[in-house]
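Good morning, and thank you for coming.

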Amino acid sequence: MSAAEHLVARQFPTALQFAVRNQTRNRLAWLLLALFVPAWDLLMVAIVSHKPLEFKLFSTGVLLQADGRELSLITAGMNSLTLIVGFAVFAATRRALPLDRRLVFAGYRQSLLVAAKSLATMLVAAGVGAYAAVVLLAFWRPSIGGWAAVLAGSAVIAAEYGALGLLLGVLVKGDLEGFFLIIMGSLVDTFLQNPVGNPIANRPVLEYFPSFGPTQFAAGGAFGHAALWGELVLGLAWAAAFLVSGLIVFQRRTRVRRHP
Amino acid sequence: MADGIIVARQVHKAYGRHSVLRGVDLDIPAGTLVAIVGENGAGKSTLLQLLAGTLAADDGSIDVRGSVGYCPQEPVLNDALTVDQHFRYFAAAYQLRTLHRAEQLLDALHFSDYRHRTVAELSGGTRQKLNLTLALLHDPDVLLLDEPYQGFDWETYLRFWDIVEELRRAGTAIVVITHLIFERERFDTLYSLDRGRIADETATVVPPDGNAYVGR
């Protein structure tokens, strides 16, 4: 084993273990998962009717006939995940940053710390996406394929906002700025994807928002019985772009002028 | 010619238009214990951060040879992690094979009982002990300490000096930043930082009988 491989084998598992621990020990996030996710779904069931809506699948050009309530359950579920995962990862990243600087000074490789945080974020996103998909079953029973598509879409959108939380965690100066950016981003982004009460839904401009890919994938699977893998990859590309930006900012903010 | 393990030449640093350091020179040999004293806001912590490399100088040169241990003034720790988890994290950073040194320091500073507590549960003094220990785990060649004994009780203060003395004898160059010197005879050299320069150098020569005297 080379010296570099030895370093990775030693530093990466330790960093991953503590990154997962940091991102999952947020009590508020657990509370929101337990209460906010089902409450938000319940609200959708209470206020949105079954009226059919047209939902456009951009990659195939097909106009789907979707049940308004079921579509709203998908987008509302995604909205709650973006907020919870975004906040949890943002708070964990910010809290850990001073110690991360010290660890880098002591010889921790910056790329390994960020890789560990990124993988921890993906694991958390997958877990939270699966949880939201299970909660959804209490309100709506789609086909197995449709449910799997909603699960995958939820996990990917959670990954996108977790990655955004990581980027903001190393970028912004105060807690409030980060929280506002996540709230505003998530509201605009997920609201626009749903044609219920939204005049610009089904327009091409939506393609430029992070939640576009996961929403298209979930709705395509649930209502069109289609697996639009390209849309899922688009969501992962957003997550990757946020993570790479986070890595660049992290490297600047933890830079040591002379290595011991 | 400079023979120090820490050599600084004409170091300048400003924050915006506020000039903090205006040409600092230092030459600190291995195995010496140096204090840098000065009033609040004199630029002591800035100088230490420049020596550590966590801050870049605007001008001048800094050469620090060998491994460095840096203990910041405010404890830099993670509330969610236990004392032991901090040791494991830093052992990975320093690439240490064992936690033997950590265990020695836990004993020496009397906080073994807190090994499995999270930082959130620790008192200010115990946090400071952990903060210091993390800078010492790898037995560095150069040790930079910013107000290291703030918050220590008298017993811990004495134990701190035992550890420092042991390191000095082993050849470590130690720089202590402080605004309060209780016992100046402990130091080989006192530097005073005033208006951005090392204004005054006081050498404390320790003769063979161990009775120190202070001379200019």
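This is a predicted model: local features need pLDDT of at least 70, side-chain atom pairs count only at pLDDT 80 or more; totals for chains, interfaces and linings use all residues.

Helix H3 of chain A, residues 68-105, packs against helix H7 of chain A, residues 212-224, at an angle of about 150°. The axes of these two helices are 11 Å apart, and H3(A) passes H7(A) in a right-handed crossing. Which residues make the contact? From H3(A) come A:Glu70, A:Leu71, A:Ile74, A:Thr75 and A:Met78. H7(A) contributes A:Pro214, A:Thr215, A:Ala218, A:Ala219 and A:Ala222. Sorted by class, this contact has seven nonpolar residues, two polar residues and one charged residue.

Strand E1 of chain A, residues 52-56, runs antiparallel to strand E2 of chain A, residues 63-67, and five bridges join them. In this pairing, A:Phe55 stands opposite A:Leu64. Six residues lie between E1(A) and E2(A), and within the turn A:Gly61 has a positive phi of about 80°.

I now turn to chain B and to its sheet. Strands of a sheet pair through backbone hydrogen bonds, either parallel or antiparallel. The sheet in chain B is open, has three strands in the order E2-E1-E4, and is paired in the antiparallel manner.

Strand E1 of chain B, residues 6-15, is joined to E2(B) by eight bridges, and the two run antiparallel. One facing pair is B:Ala14 with B:Ser19 of E2(B). Across E1, E2 and E4 of chain B lies helix H1 of chain B, residues 44-52, which runs at about 125° to E1(B).

Next, let us consider the domains of chain B. Domain 1 comprises 1-66 + 141-209, and domain 2 comprises 78-140. Their C-alpha centres lie 24 Å apart. How many residues does the contact take from each domain? It takes 12 residues from domain 1 of chain B and 10 residues from domain 2 of chain B. On the side of domain 1 that touches domain 2, the elements giving two or more residues are strand E6 (142-146) and helix H5 (154-169) of chain B. H5(B) supplies the largest share of that side, three residues. By class, that side of domain 1 of chain B has five nonpolar, four polar and three charged residues.

Finally, two residues of chain B deserve a word on backbone angles. Most residues other than glycine have a negative phi. B:Asp139, however, has a positive phi, near 45°, and is not a glycine. B:Asp139 is found in the loop between helix H4 (124-136) and E6 of chain B. B:Glu147, which is not a glycine either, has a positive phi of about 45°, and is found in the loop between E6 and H5 of chain B.

Notes. Residues are numbered from 1 along each chain as its sequence is written. Chains are lettered from A and ligands numbered from 1 in the order in which they are written. Axes are lines fitted to C-alpha atoms, for helices over the stretch in contact, and angles run from 0 to 180 degrees between N-to-C directions. Helices (H or I, at least four residues) and strands (E, at least two) are DSSP runs, numbered from the N terminus. A crossing is left-handed if the near helix is turned anticlockwise from the far one by less than a right angle, and right-handed if clockwise. Two residues are in contact if their C-beta atoms, placed from the backbone, lie within 7 Å. Ala, Val, Leu, Ile, Met, Phe, Trp, Tyr, Cys and Pro count as nonpolar, Asp, Glu, Lys and Arg as charged, and the others, Gly among them, as polar. Two strands pair if DSSP finds at least two bridges between them. Domain bounds come from an automatic or database domain assignment.
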